Amino acid sequence: MSFSTIHSITFDCTGDPYDLGLFWSELLGRPLADDDKPGDPEALIQDPDGGPRLLFVRVPEGKTAKNRLHLDLRPHGRTRDEEVERVVSLGARLVADHRRPDGGGWVLMADPEGNEFCVERGELG
């Protein structure tokens, strides 16, 4: 059977792809590619387990609407609330808080370029 696999998840950015890559590198605990440097037209984060890469590419046009696709992140080794605080300290912005009193829900965040992602509840809450 023939099929396709996800090779890269690509983020368009109007700023320096290296800077946006650094944000996601810190967020995910994965390094940028060794040959990436400030001012490059793209930056890359590889998944050491062989999953999709995150590719950051400079484009001329800015973001104009809500993402139709986004990542849902699950914290490891900290609670969702601790992760939200950490992500904000890295430069993200809280967009909407959908946490529920029962511990469910999620927090909608935006990276420095405005790309939305969610922080869900982790194994610690």
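**Exercise 1. The largest pocket**

Which strand gives the most to the lining of the largest pocket, and with how many residues?

*Solution.* Before the steps, a word on the basis: this is a predicted model, in which local features need pLDDT of at least 70 and side-chain atom pairs count only at pLDDT 80 or more, while totals for chains, interfaces and linings use all residues. Residues are numbered from 1 along each chain as its sequence is written, and side-chain values use heavy atoms, with hydrogens and water left out.

Step 1: On a 1 Å grid over the protein atoms alone, a pocket is an open set of points where a 1.4 Å probe fits, with protein on both sides within 12 Å along at least five of seven lines, and a lining residue has an atom within 4 Å of a point. Strands (E, at least two residues) and helices (H or I, at least four) are DSSP runs numbered from the N terminus.

Step 2: read off the lining. The largest pocket has 20 lining residues, and Thr10, Phe11, Asp12, Asn67 and Asn115 lie nearest its centre. Strand 1 (residues 8-13) gives the most to this lining, with 5 residues.

Step 3: The largest pocket holds about 410 Å³ of space, where a volume is the space filled by probe spheres set on the points, which are joined across faces, edges and corners. Its lining residues divide into 7 nonpolar, 7 polar and 6 charged, with Ala, Val, Leu, Ile, Met, Phe, Trp, Tyr, Cys and Pro counted as nonpolar, Asp, Glu, Lys and Arg as charged, and the others, Gly among them, as polar.

**Exercise 2. A residue of that lining**

Determine whether asparagine 115 is buried or exposed, and list what it touches.

*Solution.* Step 1: locate the residue, which is found in the loop between strand 6 and strand 7 (116-120).

Step 1: apply the cut-offs, by which buried means under 20% relative accessible area, exposed over 50%, and partly exposed in between (1.4 Å probe, protein chains only). Asparagine 115 has 10% relative accessibility, so it counts as buried.

Step 2: list the contacts (heavy atoms within 4.5 Å). Leaving aside residues up to four places away in sequence, asparagine 115 touches Phe11, Asp12, Leu20, Lys63, Asn67, Met109 and Ala110.

**Exercise 3. The second largest pocket**

Find which elements each supply at least two residues of the lining of the second largest pocket.

*Solution.* Step 1: the second largest pocket has about 200 Å³ of space, and the residues that line it include Leu27, Leu28, Asp72, Leu73 and Arg86.

Step 1: helix 1 (17-28), strand 4 (71-73) and helix 2 (80-90) each supply at least two residues of this lining, which divides into 5 nonpolar, 1 polar and 5 charged residues.

Step 2: look at a pair involving one lining residue. Glutamate 26, in helix 1, touches Arg86 and Leu90, not counting residues up to four places away in sequence. The C-alpha atoms of glutamate 26 and arginine 86 are separated by 10.0 Å, although the two residues are 60 apart along the chain.

**Exercise 4. The whole chain**

Describe the order of the elements and the overall dimensions of the protein.

*Solution.* Step 1: the protein has 2 helices and 7 strands, which from the N terminus on run β-α-β-β-β-α-β-β-β.

Step 1: its C-alpha atoms fill a box of roughly 45 × 40 × 25 Å, taken along the principal axes.

Step 2: of the 125 residues, 37% count as buried.
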